[in-house]
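Here is a report on a pocket and on charged side-chain pairs. The structure comes first, then the details.

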Amino acid sequence: MRATRRPAEAAEASNAPLAGKNILTVIASAGRIGTNGGMKGRKPVVGVIGSAHLVEGKFRAQRVGERNLRAVAEAAGALPLVFAGSPDITDIGALLDTVDGILLTGARANVHPSLFGHDAHPSSEPYDHARDAMALALVEACVARGVPLFGICRGFQEMNVAYGGSLHPEIRDLPGRINHRAPRLPNGEFHPDVQVVFADRHDVRLTPGGVFAKLLGAECIRVNSLHGQGILEPGKRIVVEGVADDGTIEAIRVGEAPGFALGVQWHAEYDAQHNPVNRKLFEAFGAALAKHQQVR
């Protein structure tokens, strides 16, 4: 009597066309790796930091918004590689030996106030202490080694704190500031329309002749706004190059950095494939990645 296949055997049978072929040959045919298995001509690799997340209140996880990954792949022309935002399991030296650049993304948690001499408040919980430790050390390591660094939202704030700057947990509470948080419905829930949430909300005036003005070909741009925390006092090496009409700092660079070291408060990963401002930033990041890859 003919034996009935078990599920695992059936799955193997479904891959029958691959039988007898070298797996590297199969992968190469998909255009993922050179047939010689070498690194020549490979895409630059970008390390994208993860953030702590508790799944179903039980399981610890690291997560990254897919828009960040797609912006790296589709606008910067690089391969995104997610790494854990925790110094316990991520060796910074080994990481920077592996990648051609680092993207510090936005995240739910605020940078802990104790890192810039302020008191924590329960309204800002939960925090992500592991990411704080990882990101602040990583910022300085990237700049010291000339590894291209791009900070977005929380990443922008981490760059400032890494160089001794401070943050305010609610920029909207400062005199004369607007509400920079994401749009919500009257009942307090997030607006369900993504295009509304990420729509351009305010102008940012760029320093004439500065790095951002040259990259973007403009001295005034419009950006989205989805943050509560923001820069209060710039760090000692932080050069402010973009400010909103209400005085909120929106674009920075690390002074005298040997490589690309820029940060923006807005979510530049949103529609980086088409949004002219965000696309140009990721394209510039991509160019810096390619240059660093060549000289490594």
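## Lining of the largest pocket

The lining of the largest pocket comprises 20 nonpolar, 18 polar and eleven charged residues. Nonpolar here means Ala, Val, Leu, Ile, Met, Phe, Trp, Tyr, Cys and Pro; charged means Asp, Glu, Lys and Arg; polar means the others, Gly among them. The model is predicted: local features need pLDDT of at least 70, side-chain atom pairs count only at pLDDT 80 or more, and totals for chains, interfaces and linings use all residues. Residues are numbered from 1 along each chain as its sequence is written, and side-chain values use heavy atoms, with hydrogens and water left out.

The largest pocket is lined by 49 residues. Nearest its centre lie Arg63, Gly106, Ala107, Arg108 and Ala109. Two or more lining residues come from each of β2 (51-55), β3 (59-63), α3 (66-74), α6 (154-162) and α7 (194-197). Helices (H or I, at least four residues) and strands (E, at least two) are DSSP runs, numbered from the N terminus.

The pocket volume is about 1,500 Å³. A pocket is an open set of points on a 1 Å grid over the protein atoms alone, where a 1.4 Å probe fits, with protein on both sides within 12 Å along at least five of seven lines; lining residues have an atom within 4 Å of a point. Grid points are joined across faces, edges and corners, and the volume is the space filled by probe spheres set on the points.

## Salt bridges

The whole structure holds 14 salt bridges (a side-chain nitrogen of Lys or Arg within 4 Å of a carboxyl oxygen of Asp or Glu). One of them joins Arg154 and Asp132, with the closest N and O atoms 2.7 Å apart. This pair links distant parts of the chain: Arg154 is in helix α6 and Asp132 in helix α5 (residues 129-145), 22 residues apart. Arg154 is buried, at 2% relative accessibility. Asp132 is also buried, with a relative accessible area of 2%. Buried means under 20% relative accessible area, exposed over 50%, and partly exposed in between (1.4 Å probe, protein chains only).

Arg205 and Asp245 form another salt bridge, at 3.3 Å between the closest N and O atoms. Arg205 lies in strand β8 (residues 202-206) and Asp245 in the loop between β11 (238-244) and β12 (249-254), so the pair ties together parts 40 residues apart in sequence. Arg205 is partly exposed at 47%, while Asp245 is exposed at 54%.

Salt bridges with shared partners join Arg131, Asp132, Arg154 and Glu158 into one network.
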